[in-house]
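Here is a short briefing on one protein model. Please look over the sequence and fold, then read the points below.

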Amino acid sequence: MNINISGKNINVSNYLRDIVNKKAGKLERYFKPDTEMQVTLSIEKSRHIAEVTIVCDGVVLRGEEATGDMYSSIDAVLKKLERQMRKHRTKLERRLHESAFDEETVYDYYEDDFEEDEPQLVRKKKFALRPMDVEDAIMQMDLLGHNFFVFRNMHNNEVNVLYKRTDGNYGLIEPQ
């Protein structure tokens, strides 16, 4: 597993880097050897934030935890990802097709220039639309922890939006 560690508003010491490598290395058993793991450690006011993104065969797992201590944040986010992986492991083995996620994954672009007076676009995301069926889209949305998910429907090759309703069910928006 390739573990990339970066810091935001923090200088990541060798000791902290070793701790992250040791603890994150325990998740290697769930993934293939060429799996990428991006760990971002940051400090905002008194909050110590650990954010981990794992890309494996096109599936994106993401977790973020904020506590008063960086070591606690690291432990909590890795436990969250392990629970998430165990929960969806059987679904992944059963549902995912090898060719369903061949393209590159999500790229984030941030805009730093914004005015205080009126709302501005502050974040853009670009991603490859992968052909998948609705069940796979639901699983991917749950893995990401988002309230909506944009995908290309493999049955009609149209762009669809899947969203989580307030009653806990899902909704699907299809173009006409």
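**Contacts and make-up**

Of the contacts in the protein with a separation of 6 or more, 42% are between residues 24 or more positions apart; contact means heavy atoms within 4.5 Å. This is a predicted model: local features need pLDDT of at least 70, side-chain atom pairs count only at pLDDT 80 or more, and totals for chains, interfaces and linings use all residues. Residues are numbered from 1 along each chain as its sequence is written, and side-chain values use heavy atoms, with hydrogens and water left out.

**Overall**

- The protein has 3 helices and 10 strands; helices (H or I, at least four residues) and strands (E, at least two) are DSSP runs, numbered from the N terminus.
- From the N terminus on, the order of elements is β-α-β-β-β-α-β-β-β-α-β-β-β.
- Buried residues make up 34% of the 176 residues; buried means under 20% relative accessible area, with a 1.4 Å probe and protein chains only.
- The protein exposes about 11,500 Å², and carbon and sulfur atoms supply 46% of it. Areas come from the Shrake-Rupley method with a 1.4 Å probe.

**Sheet E1-E2-E3-E4**

- This open sheet has 4 strands in the order E1-E2-E3-E4, with mixed pairing; two strands pair if DSSP finds at least two bridges between them.
- Strand E1 (2-8) and strand E4 (59-67) stand at the edges with a single partner strand each, so one side of each has no neighbour in the sheet.
- The twist averages 15° from one strand to the next. Axes are lines fitted to C-alpha atoms, for helices over the stretch in contact, and angles run from 0 to 180 degrees between N-to-C directions.
- E1 and strand E2 (residues 36-44) run parallel, joined by 7 bridges. Ser-6 stands opposite Thr-40 in E2.
- Strand E3 (residues 47-56) pairs with E4 in the antiparallel sense over 9 bridges. Ala-50 has Glu-65 in E4 as its bridge partner.
- The hairpin of E3 and E4 has 2 residues between the strands, and Asp-57 takes a positive phi near 55° there.
- Helix H1 (residues 14-24) lies across E1 and E2, at about 140° to E1.

**Sheet E7-E8-E9-E10**

- Here 4 strands form an open sheet in the order E7-E8-E9-E10, with mixed pairing.
- Strand E7 (131-132) and strand E10 (170-173) are the edge strands, and each pairs on one side only.
- Strand E8 (residues 148-153) and strand E9 (residues 159-164) run antiparallel, joined by 5 bridges. Phe-149 has Leu-162 in E9 as its bridge partner.
- Helix H3 (residues 134-144) lies across E7, E8, E9 and E10, at about 150° to E8.

Conventions:
Buried < 20%, exposed > 50% of the residue type's maximum accessible area, 1.4 Å probe, protein only.
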